Amino acid sequence: MYDSTEAQQARREWLGLLSRAPIELLEAWGAGRAQEYVWLKRPESGLAMVRARIGATGDRFNVGEMTLTRCALRMAGGQHGVAYVQGRSARRAELAAIADALLQDPNERDALERDLLQPLRARIAASRAARANESHLTKVEFLTVSRGDE
Amino acid sequence: MYVAVKGGERAIENSHLLVSEARRGDPSIAEISVAQIEQQLRLAVDRVMTEGSVYDRELAALAIKQAAGDTVEAIFLLRAYRATLPRFGYTEAIDTLKMQLRRRISATFKDLPGGQVLGPTYDYTQRLLDFSLAVASAECGEPQTNPPPPTSPEQEFADVMALLGAEGLIEAQPPSEGDPVPADLTRVPMTFPASRAERLQNLARGDEGYLLAMAYSTQRGYANNHPFAGEIRFGSVEVEIIPEELGFPIVIGELEITECQMVNQFAGSKTVPPQFTRGYGLAFGHSERKAMAMALVDRALRAEELGEAVVAPAQMQEFVLSHSDNLESSGFVQHLKLPHYVDFQSELALLRQMRASQSAQSESSI
């Protein structure tokens, strides 16, 4: 169903956005929406072992774990939604999985794009820009001073 | 050896109550919230996440609150909670070269593409107690502008290791053939000699104070590696996993992380011209002292691999890695508080016997 690379890319992008969606934003979107679905896998919190590379580019090693919550569901319309989100909020995972399922429905896609994905992208971009600006304010030019005795 | 004892239930219950009271302190003072700890004691949170080996700011803050600020106890609490959670799998290796940087400095190059970005650091503070913090303040000052502002938020930060690598002046660090899956110490206990990947996993969760002392010992001449802080980065990285049912990688969140690339004294051989060697440190959150200490110890532990004589404690794998975990060390030291009554009685009896026989001997010799 998602074998086409383009569809996969799109889903990859929105799953990544949904994983970072703050609960308030998801709740605001999900408010008053009566969604019918059945659980395929109820929300469960657990751990993923984070890997990095020695010296940034070398062999992999295990740094430590992070908390993660996952779930899977099937909408009345038949689409399967999954969520893998950082942290331990079952509700965040649930809303993210509903959004994932609906995003696969061509009739729902545009509305979700507008109501959820756009604000999420804007939010992430704004926070990145704010961080970058903040850091830029502390950018320095060090000058080496020649010592008097040299 | 300690022995099991019975009794004392009421005393223990009452002690628990006293712990809660002592933690709360004066009830006329507002109670501290987990969110406040998470926001305002961020470096304590980062340390507990790093050594507790679980990235979850809220859990770490809760542990700090419960432990009344005792970080080693908080690390214990977080590790204990971790043991109750299922493991879903492993992430893809994070790419620290794609870190969104909040701080990046190099002590080896003054001018480098992307520049030196101080970020939030205590380095240039004068370490004078700031009494203005003693009264709750509303605002911090606005930073002065630093023209020109970046045109794009994504700046290009040169990778210092790559700069040196381009000339072949530093050892290359490509993955080994086949990109081997690293052994996981939380699954399989370490055996010696340990691979560098295992050593780094051990050091990543190792006690900061211990690693700092080990690192310091190398600087004081016990395995001097002549280090330079090639690059220190602090920022956030995206984390990806490949869920089985999807079969393609997805971002599951972002981590704040501190990385230290240490540049160390040369090594070379008949086939390899002399070049700088490297030590690596990586820690959750903003944990610069930890990452630097880790990088120094990592380099010291490479002694054998680089053909150096193993003479100092920091170079001895078994010594360094067996004593780095503060859950183990604190547990073993503090277990001395448990009842050792039987053990002690037997030693007492032995001592009395020795003294009795000694005095009997000296009497008979008179």
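Predicted model: local features only at pLDDT ≥ 70, side-chain atom pairs only at ≥ 80, totals over all residues.
**Ground rules.** I kept in mind that local features need pLDDT of at least 70 and that side-chain atom pairs count only at pLDDT 80 or more, while totals for chains, interfaces and linings use all residues. I counted residues from 1 along each chain as its sequence is written, with chains lettered from A and ligands numbered from 1 in the order in which they are written.

**Chain B, overview.** I looked up the secondary structure and found 12 helices and seven strands. Helices (H or I, at least four residues) and strands (E, at least two) are DSSP runs, numbered from the N terminus. The C-alpha trace of chain B spans about 90 × 65 × 55 Å along its principal axes. Of the 366 residues in chain B, 34% are buried. For me, buried means 20 or more other C-beta atoms within 10 Å of the residue's own, exposed means 12 or fewer, and partly exposed lies in between, with C-beta atoms placed from the backbone.

**Domains of chain B.** I noted domain 1 (9-82) and domain 2 (96-121 + 153-174 + 182-329), with bounds from an automatic or database domain assignment. Their centres, taken over C-alpha atoms, are 29 Å apart. I then checked where they touch: 13 residues of domain 1 are in contact with 12 residues of domain 2. Contact here means C-beta atoms, placed from the backbone, within 7 Å. On the domain 1 side, α3 (42-52) and α5 (71-82) of chain B are the elements that give two or more residues. The largest share, seven residues, comes from α3(B).

**Where the chains meet.** I found 49 residues from chain A and 67 residues from chain B in the contact. On the chain A side, β2(A) gives the most, with 10 residues. That side divides into 20 nonpolar, 18 polar and 11 charged residues. The classes are Ala, Val, Leu, Ile, Met, Phe, Trp, Tyr, Cys and Pro as nonpolar, Asp, Glu, Lys and Arg as charged, and the others, Gly among them, as polar. I also saw that two bridges join β2(A) to strand β1 (residues 54-55) of chain B, and that these strands run parallel. Strands pair if DSSP finds at least two bridges between them. One bridge partner I wrote down: Glu65(A) with Val54(B).

**The core.** I looked for the largest nonpolar core and got 98 residues, with Val50(A), Ala96(A), Ala97(A) and Val297(B) having the most contacts inside it. Such a core is a set of buried Ala, Val, Leu, Ile, Met, Phe, Trp, Tyr and Cys residues joined through C-beta atoms within 7 Å. Helix α3 (residues 90-103) of chain A gives the most to this core, nine residues. Both domains of chain B contribute at least three residues each. Leaving aside neighbours within four places in sequence, Ala96(A) has contacts that include Leu18(A), Leu26(A) and Val85(A).

**Helix α7(B).** I checked residues 196-204 of chain B and found eight of the nine buried. The buried residues pack against β2 of chain A, and also against α8 (208-219), β7 (275-284), α9 (288-300) and α10 (317-322) of chain B.

**Tyr222(B).** I located Tyr222(B) in the loop between α8 and β5 (228-241) of chain B. Tyr222(B) counts as partly exposed because 15 other C-beta atoms lie within 10 Å. Not counting residues up to four places away in sequence, Tyr222(B) touches Ser217(B), Ala312(B), Pro313(B) and Ala314(B).

Technical notes. Contact = placed C-beta atoms within 7 Å.
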